[in-house]
Amino acid sequence: MRLHESALSTDLQGRHLLLGVTGGVAAYKAAELARELQRRGATVQVVMTEAATRFVGAPTFQALTGEPVFVDQWDARVDNNMAHIDLSRRADAILIAPATADFIAKLVHGLADDLLSTMCLARDCPLLVAPAMNRQMWQNPATQRNVVRLRTDGVQILGPDSGDQACGETGDGRMLEAEDLAEEMTAFFVPKRLAGRRVLVTAGPTFEAIDPVRGITNLSSGKMGYAIARACRQAGGDVVLVSGPTALPTPQGVRRIDVVSAMQMHEAVIGELTGSGSPPRRQQLFISVAAVADWRVTNVSGQKIKKVEGKPAPKIEFAQNPDILASVAHLPDPPYCVGFAAESEDLERNGDAKRRRKGIPLLIANIGHQTFGRDDNEVLLIDEAGAQSLPRANKHALARELVSAIAMRLDRQDQKSEARDGR
Ligand code: CTP
């Protein structure tokens with residue numbers, strides 16, 4: 001997965017991460033990981049095992065991170081010879097990537113025979129581990145037992161992935177890609193305000209066909225909707241994303257349903273919200289970010305419309321599309337509904353009128369109407385209590401803020417209905 005570059009720079013801003021590299025061939029991916037974590041705003045301090053330096057040299061990490069790299073427990077650069085304490089006390093988290101089977105076994109038993117293992121034992125911050133090994137080593141009951149023990153000890157295990165291995169075999173044990181690990185690291189720090197909540201998000205434009213090769217669409221890039229879906233997932237939500245045509249990668253851990261037209265989006269959304277199953281998979285939160293076409297073509301041609309010299313231009317006839325958000329808001333026992341609106345004037349008054357018209361508790365209005373395709377946005381939150389503005393920020397940072405504001409309102413609504421039901 002490749003996320004949009006510049007918008008991620010605040011994902012890990014202010015975080016100080018300790019990246020532990022152990023001796024496996026996946027150590028080469030750790031160089032890319034260090035870069036990726038930095039790109040998201042973190043400072044990265046690398047500590048390597050002696051074996052790791054056989055795969056990648058310390059100067060590589062030093063050059064990438066701009067920080068000295070430590071290998072030796074007795075490193076003279078640390079005044080009091082307490083590198084293991086000094087380094088871990090400054091960290092918000094330790095990430096071991098790659099983590100060999102041997103290092104995992106060491107962690108389980110609390111061995112401390114080098115700087116990295118001693119540091120892990122002496123830490124007072126969270127520990128995350130990205131295993132990387134041959135599939136037989138991964139499947140070995142000893143490794144499986146060790147991983148279970150680490151999880152019980154509160155260590156987070158990231159991956160491993162499945163696929164081709166450096167040894168020529170195929171199976172489980174590959175380290176996750178740098179981008180996926182950085183994504184996991186970002187999610188790790190996001191408060192889990194939507195834990196256990198089912199969330200449905202729509203995003204992107206719709207495309208209304210005129211003939212098999214032509215159609216009507218709009219300039220929505222889908223960036224805001226995808227950022228919202230990603231932030232909901234990072235906040236612990238179980239997220240389904242119904243998306244119109246975009247070129248964006250699916251956010252990690254999100255189930256995506258692709259649609260083309262407004263009618264298909266309507267059907268997919270209503271299907272998700274009223275679907276059968278036991279118990280029914282009902283969403284508690286619906287965030288409608290899609291730029292849905294208001295009209296569809298009723299005289300769609302089955303064949304490409306040809307231009308014929310001397311004949312008038314074809315007449316396109318339209319019918320109004322269903323208002324997806326309003327129809328969800330009017331379902332019996334609807335989810336908490338959030339709308340997005342681009343208004344060009346009198347934002348607060350027009351936004352509030354739209355909120356009431358659609359029958360939804362919260363509307364997020366873009367300040368400035370040219371937001372399509374941009375990486376940043378500035379919005380006004382309008383609910384029954386009034387309007388609150390959020391300052392301009394990149395769409396990922398803004399999405400996190402919005403998700404936390406939405407989660408607060410959702411909790412409040414739950415408390416109200418519990419009080420009403422006398423629970
Ligand atoms: N929306 C929807 N279905 C539609 C039109 C809009 O679900 N057919 C949702 C959008 O996803 C968004 C909100 O309604 O959350 C507001 O969209 P907007 O285009 O601003 O509203 P419209 O009702 O189309 O009003 P306008 O006449 O201002 O375009």
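This is a predicted model: local features need pLDDT of at least 70, side-chain atom pairs count only at pLDDT 80 or more; totals for chains, interfaces and linings use all residues.

Guide: Residues are numbered from 1 along each chain as its sequence is written, and side-chain values use heavy atoms, with hydrogens and water left out.

Visitor: Why is Ser 220 called buried?
Guide: Buried means under 20% relative accessible area (1.4 Å probe, protein chains only). Ser 220 has 12% relative accessibility, so the residue counts as buried.

Visitor: What makes the pair formed by the side chain of Ser 220 and the backbone nitrogen of Gly 222 a polar contact?
Guide: A polar contact is a pair of N or O atoms within 3.5 Å; within protein, one must be able to donate a hydrogen and the other to accept it, and residues adjacent in sequence count only if both atoms are side-chain atoms. Here a polar side-chain atom of Ser 220 lies 3.4 Å from the backbone nitrogen of Gly 222.

Visitor: Which atoms of Lys 354 and Leu 325 lie at what distance from an oxygen atom of the ligand?
Guide: For Lys 354, a side-chain N or O atom is 2.5 Å from a ligand oxygen. For Leu 325, a backbone N or O atom lies 2.9 Å from a ligand oxygen. A backbone N or O atom of Ile 324 lies 3.0 Å from a ligand nitrogen.

Visitor: What makes up the shell around the ligand by class?
Guide: The shell has 7 nonpolar residues (Ala, Val, Leu, Ile, Met, Phe, Trp, Tyr, Cys and Pro), 4 charged (Asp, Glu, Lys and Arg) and 2 polar (the others, Gly among them).

Note on methods
Buried means under 20% relative accessible area, exposed over 50%, partly exposed in between (1.4 Å probe, protein chains only).
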